[in-house]
Amino acid sequence: MIGPGTWIGAFTVIDGSGGLTIGAGCDISCGAQIYTHSTARRCVSGRAYGSVDRAPVVIGDRVFVGANATIMMGVTIGDGAVIGAGAVVTRDVPPGTVVTGVPARVVSTVELDGSDVRFVPVAES
């Protein structure tokens, strides 16, 4: 399911075989990849592992996914989150946060004040 007002850029890979929900008003930038399955265990076992692993991806409302970002199976991304360009998302992303890097980690929070949007850095631990 893809919500109303969502835009998906060119050259984007979307795998819905394990279940996929994309909320309303999202922007999925060019070259992003969303995976809901993995054949890694089956491959490295010489097909002794007889199945393809699948887990749904859930992307909330008003989520921005940057160019060439990758979202792996089983991940939930909360409303109003920002996924930086080139990030590899392997874990859930809380609502209203900005994640970047490989693997993706929280680097700031999103603060809305009317029509103004600010990204407030989080302290490194």
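The legends below walk through several close-up views of a predicted model.

Local features are taken where pLDDT is at least 70 and side-chain atom pairs where pLDDT is 80 or more, while totals for chains, interfaces and linings use all residues. Residues are numbered from 1 along each chain as its sequence is written, and side-chain values use heavy atoms, with hydrogens and water left out.

**View 1. A seven-stranded open sheet with mixed pairing.** The strand order here is β1-β4-β9-β12-β14-β15-β16. At the edges are β1 (7-8) and β16, each of which pairs on one side only. Strands are DSSP runs of E with at least two residues, numbered from the N terminus, and two of them pair if DSSP finds at least two bridges between them.

**View 2. The hairpins of β14, β15 and β16.** Strand β14 (residues 97-100) meets β15 in the antiparallel sense over 4 bridges, with Val99 opposite Val106 in β15. This hairpin has 4 residues between its strands, and Gly101 in the turn has a positive phi of about 95°. The connection has 2 residues between the strands, with Gly114 in the turn at a positive phi of about 65°.

**View 3. Thr97, a buried residue in strand β14.** Thr97 has a relative accessible area of 8%; buried means under 20%, exposed over 50%, and partly exposed in between, using a 1.4 Å probe and protein chains only. A polar atom of the Thr97 side chain lies 2.8 Å from the backbone oxygen of Pro94.

**View 4. The largest pocket and its lining.** A pocket is, on a 1 Å grid over the protein atoms alone, an open set of points where a 1.4 Å probe fits, with protein on both sides within 12 Å along at least five of seven lines; lining residues have an atom within 4 Å of a point. The volume is about 170 Å³, counted as the space filled by probe spheres set on points joined across faces, edges and corners. Around this pocket sit Arg62, Phe64, Asp79, Gly80, Ala81, Val82, Gly96, Val110, Leu112, Val117 and Phe119. The elements giving two or more residues to the lining are β15 (105-113) and β16 (116-121). By class, the lining holds 7 nonpolar, 2 polar and 2 charged residues, where Gly counts as polar, Asp and Arg as charged, and Ala, Val, Leu and Phe as nonpolar.

**View 5. A four-stranded open sheet with parallel pairing.** The order is β2-β5-β10-β13. Because β2 (13-14) and β13 (88-89) each have a single partner strand, one side of each is left without a neighbour in the sheet. Further in, β5 (residues 33-34) and β10 (residues 70-71) pair in the parallel sense over 2 bridges, and Gln33 stands opposite Thr70 in β10.

**View 6. Cysteines and the search for disulfides.** The whole structure has 0 disulfides, a disulfide being a pair of cysteine sulfur atoms within 2.5 Å. For Cys30, the nearest cysteine sulfur belongs to Cys26, 15 Å away. Cys30 is partly exposed, with a relative accessible area of 37%, and Cys43 is partly exposed at 47%.

Key. Polar contact = N/O pair within 3.5 Å; in protein donor to acceptor, adjacent residues only side chain to side chain.
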